[in-house]
Amino acid sequence: MKRIAIFLMTLLVIAAVCSGCVKADKPNTKNTVIDYGTSDIYTKEDMNSAIELIKKQINGWEVAKVYNIRYAGDDISTDETEYYQADYGYDEVIAFTSDFHTAFNAGGAWNRNEDYDGWIWLLGRNDKGNWELYDWGWW
């Protein structure tokens, strides 16, 4: 009986350790480096509200770690505003890039256990309102 109890306790410990391993494959933005760059258009507060939407989107993905989120710059954001204004009607567009690593159990559109560099994020808004995340991917 004692051997069975030890065996069951061992299985329980292994299950607990493995469940911790699975949790490591959830999106991790805790240590993500944020690079605000320099902007004559957007404040840090503007950028932070946009970055929170990006993080929220990532949390639904099979991404293990987000290395960084970087402001793409005023030139790119201005160009994207001009390009997307007609299609989406936004007064302003802000652009970011990010690098992340997919989980070991990633599937679907993701390659497993792989780095994705230079992922682009586009967010738009009107009248200094709330940002809307409307496009992402590679260029």
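This is a predicted model: local features need pLDDT of at least 70, side-chain atom pairs count only at pLDDT 80 or more; totals for chains, interfaces and linings use all residues.
**Entry 1. Overall make-up**

I began with the secondary structure and found three helices and five strands in the protein. Read from the N terminus, the elements follow the order α-β-α-β-α-β-β-β. The protein has 139 residues, and 37% of them count as buried. I then looked up the contacts with a separation of 6 or more: 63% of these come from residues 24 or more positions apart.

**Entry 2. The sheet**

Next I traced the strand order. The five strands make an open sheet, β1-β2-β3-β4-β5, and the pairing is mixed. β1 (33-35) and β5 (132-137) are the edge strands; each has a single partner, so one side of each has no neighbour in the sheet. From one strand to the next the twist averages 25°.

I went through pairings one at a time. β1 runs parallel to β2 (residues 63-71), with three bridges between them. D35 is placed opposite R70 of β2. The β4-β5 hairpin has six residues between its strands, and D127 adopts a positive phi near 50° in it.

I also checked how covered β4 is: eight of its eleven residues are buried.

**Entry 3. Helices on the sheet**

Which strands does α2 lie across? I found helix α2 (residues 44-58) across β1, β2, β3, β4 (115-125) and β5, at about 125° to β4. Helix α3 (residues 74-88) packs on the sheet as well, where it touches β2, β3, β4 and β5 and makes an angle of about 110° with β3.

I tested the length of α2. With 15 residues at 1.5 Å a residue, α2 should span 21 Å, and its end C-alpha atoms are 21 Å apart, which agrees.

Then I listed the buried residues of α2: D46, M47, A50, I51, I54, K55 and I58. They cover an arc of only 165° around the axis, so they sit on the same side of α2.

**Entry 4. Residue E92**

I finished with E92, which lies in strand β3 (residues 92-102). Is E92 buried or exposed? Its relative accessible area is 12%, and the cut-off for buried is under 20%, so E92 counts as buried.

I looked for polar partners of the E92 side chain. One is the side chain of R125, at 2.7 Å. Another is the side chain of K128, at 3.2 Å.

What else does E92 touch, apart from neighbours within four places in sequence? The contacts are I41, Y42, T81, L123, G124, R125, K128 and W131.

Key: Residues are numbered from 1 along each chain as its sequence is written. Side-chain values use heavy atoms; hydrogens and water are left out. Helices (H or I, at least four residues) and strands (E, at least two) are DSSP runs, numbered from the N terminus. Buried means under 20% relative accessible area, exposed over 50%, partly exposed in between (1.4 Å probe, protein chains only). A polar contact is a pair of N or O atoms within 3.5 Å; within protein, one must be able to donate a hydrogen and the other to accept it, and residues adjacent in sequence count only if both atoms are side-chain atoms. Contact means heavy atoms within 4.5 Å. Two strands pair if DSSP finds at least two bridges between them. Axes are lines fitted to C-alpha atoms, for helices over the stretch in contact, and angles run from 0 to 180 degrees between N-to-C directions. The expected span of a helix is 1.5 Å times one less than its number of residues. The arc is that of the directions from the helix axis to the C-beta atoms.
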